[in-house]
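Biologist: I'd like to go through this one slowly, term by term. Can you show it to me first?

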Amino acid sequence: MQDDTAVIQACIDEAQTRYGAEVYFPPRDAGQWYKITAPLVVTAPIKIRGAGPHAVTILAGSGALSSGEYLLDIDCDSADNVEHLTIEGITLRSADGTPNGIHIKDASYVRVVDVRTYGVANGVDIEGSRCFSNKFDGLVCYGTTGTSVRFLANFTGGGQFGFKDCTFTGAYGLTVDSTAVTDGMTIDGGNWEGCTTRAIKVQGTVQGLNLEGVRGEGGGGSGFEFAPVSGKEVTGLTISGMSFYSGTVASVPIILGTSGGSGGRVRGFAIVGNRVGYAAQDYFVELNAEAQTGVIMGNHFAETTTQVVSDMRLGVVVMANEN
């Protein structure tokens with residue numbers, strides 16, 4: 001199969017000289033791909049658009065890329081104030097599960113729309129000191145061995161991250177590193193499919209995190225773990241309108257704080273109006289000592305007689321849950 005790396009990179013480089021120009025991938029016949037043997041690097045505002053994730057696949061063949069490399073590497077400098085990039089209508093696929101999908105460093109107002117990563121180690125990595133207001137609409141991460149979306153170490157780039165109708169798979173669905181700080185994150189209509197360790201694991205600071213109308217299914221590990229390390233915090237956490245369905249995130253769907261009480265604080269949470277439909281849970285919410293202020297109310301336990309919380313805590317109201 002022809003190596004398309006040089007041609008694609010040349011198109012990207014040319015588009016970057018024309019602020020916001022578009023690189024378009026027309027559809028290929030079934031079973032045909034755009035093959036690359038090196039990361040595609042973006043350093044300036046452009047639009048990369050394909051005819052759709054089923055019509056356009058950019059493939060890194062077996063052995064083509066190394067661990068830690070990305071099929072699409074948006075690698076900008078914070079001093080350049082890079083803004084307004086769009087990635088739309090493509091699949092980024094690895095044949096051997098070694099490289100990662102998309103890297104977004106120091107780029108803001110990025111739009112990732114109708115994009116699929118397939119068979120990569122990690123789907124999307126976010127890092128830098130100027131990386132904010134990035135939106136993901138219809139991002140689907142299939143066959144992920146590591147994590148679908150990661151906020152990497154020392155991320156301080158800002159907030160306003162939105163995930164709408166996205167699918168998360170892998171050992172972890174979404175993680176925030178213990179040294180990362182962000183705010184204003186919204187996950188609307190997301191789906192977690194078979195995450196084997198955690199659907200979400202937050203160890204850093206997130207100030208304002210809203211999960212609305214999301215769904216989880218399958219998985220061998222616990223579900224949403226909000227356990228910031230000492231000195232970090234998760235505040236303004238809302239989980240509502242979620243369906244915990246068919247074995248979702250195994251025995252403990254939601255963990256607040258760290259076991260033993262040695263971590264950061266979880267304050268101002270509202271876990272309200274969810275459907276709990278998996279019968280093997282020990283309890284719906286594991287309340288550790290750092291879970292200091294919040295409400296757990298109005299949740300419907302449809303197929304289980306599990307306990308609502310592992311333990312009561314001062315400052316936490318648990319009421320009107322149908323069990």
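Biologist: How many bridges join strand E10 to strand E13, and do they run parallel or antiparallel?

Modeller: Three bridges join strand E10 (residues 107-113) to strand E13 (residues 135-137), and the two run parallel. Strands here are DSSP runs of at least two residues marked E, helices are runs of at least four residues marked H or I, and both are numbered from the N terminus. Two strands pair if DSSP finds at least two bridges between them. At one of these places, Arg111 stands opposite Lys135 in E13. Before you ask more: this is a predicted model, where local features need pLDDT of at least 70, side-chain atom pairs count only at pLDDT 80 or more, and totals for chains, interfaces and linings use all residues. Residues are numbered from 1 along each chain as its sequence is written, and side-chain values use heavy atoms, leaving out hydrogens and water.

Biologist: What holds strands of a sheet together in general?

Modeller: Strands of a sheet pair through backbone hydrogen bonds, either parallel or antiparallel.

Biologist: And what is the strand order in the open sheet of 12 strands?

Modeller: The order is E1-E4-E7-E10-E13-E16-E19-E22-E25-E28-E31-E34, with parallel pairing. Strand E1 (22-25) and strand E34 (316-319) are the edge strands, since each pairs on one side only. From one strand to the next, the twist averages 10 degrees; the axes behind such angles are lines fitted to C-alpha atoms (for helices over the stretch in contact), with angles from 0 to 180 degrees between N-to-C directions.

Biologist: How many bridges join E19 to strand E22?

Modeller: Seven bridges, linking E19 to strand E22 (residues 205-212) in parallel. Met185 stands opposite Leu209 in E22. On the E16 side, four bridges join E16 to strand E19 (residues 181-188), again parallel, and Lys164 has Asp188 in E19 as its bridge partner.

Biologist: Is Thr235, with a relative accessible area of 19%, buried or exposed?

Modeller: Buried, because 19% falls under the cut-off. Thr235 is found in strand E25 (residues 233-240). With neighbours within four places in sequence left aside, its contacts are Val206, Gln207, Gly208, Leu209 and Arg267.

Biologist: What makes Glu193 partly exposed?

Modeller: Glu193 has a relative accessible area of 31%, so it lands in the in-between class. Glu193 sits in strand E20 (residues 191-193).

Biologist: Why does Asn154 count as exposed?

Modeller: Its relative accessibility is 55%, so Asn154 passes the exposed cut-off. Asn154 is in the loop between E15 and E16, and has a positive phi of about 65 degrees although it is not a glycine. Most residues other than glycine have a negative phi, and most peptide bonds are trans.

Biologist: How many aromatic pairs are there in the whole structure?

Modeller: A search finds 11. Rings of Phe, Tyr and Trp (its six-membered ring) pair if their centres lie within 6.5 Å; planes under 30 degrees apart count as stacked, over 60 as edge-to-face and the rest as tilted.

Biologist: Why is the pair of Phe25 and Tyr34 called edge-to-face?

Modeller: The ring centres of Phe25 and Tyr34 are 5.1 Å apart and the planes are at 85 degrees, so the pair is edge-to-face. Both Phe25 and Tyr34 are buried. Phe151 and Phe161 are edge-to-face too, because their centres are 4.9 Å apart with planes at 90 degrees. That pair links distant parts of the chain, with Phe151 in strand E15 (residues 147-151) and Phe161 in strand E16 (residues 161-164), 10 residues apart.

Biologist: Which residues do ring pairs link into a cluster?

Modeller: Phe136, Phe163, Phe168, Trp192, Phe224 and Phe226.

Conventions: Buried < 20%, exposed > 50% of the residue type's maximum accessible area, 1.4 Å probe, protein only. Contact = heavy atoms within 4.5 Å.
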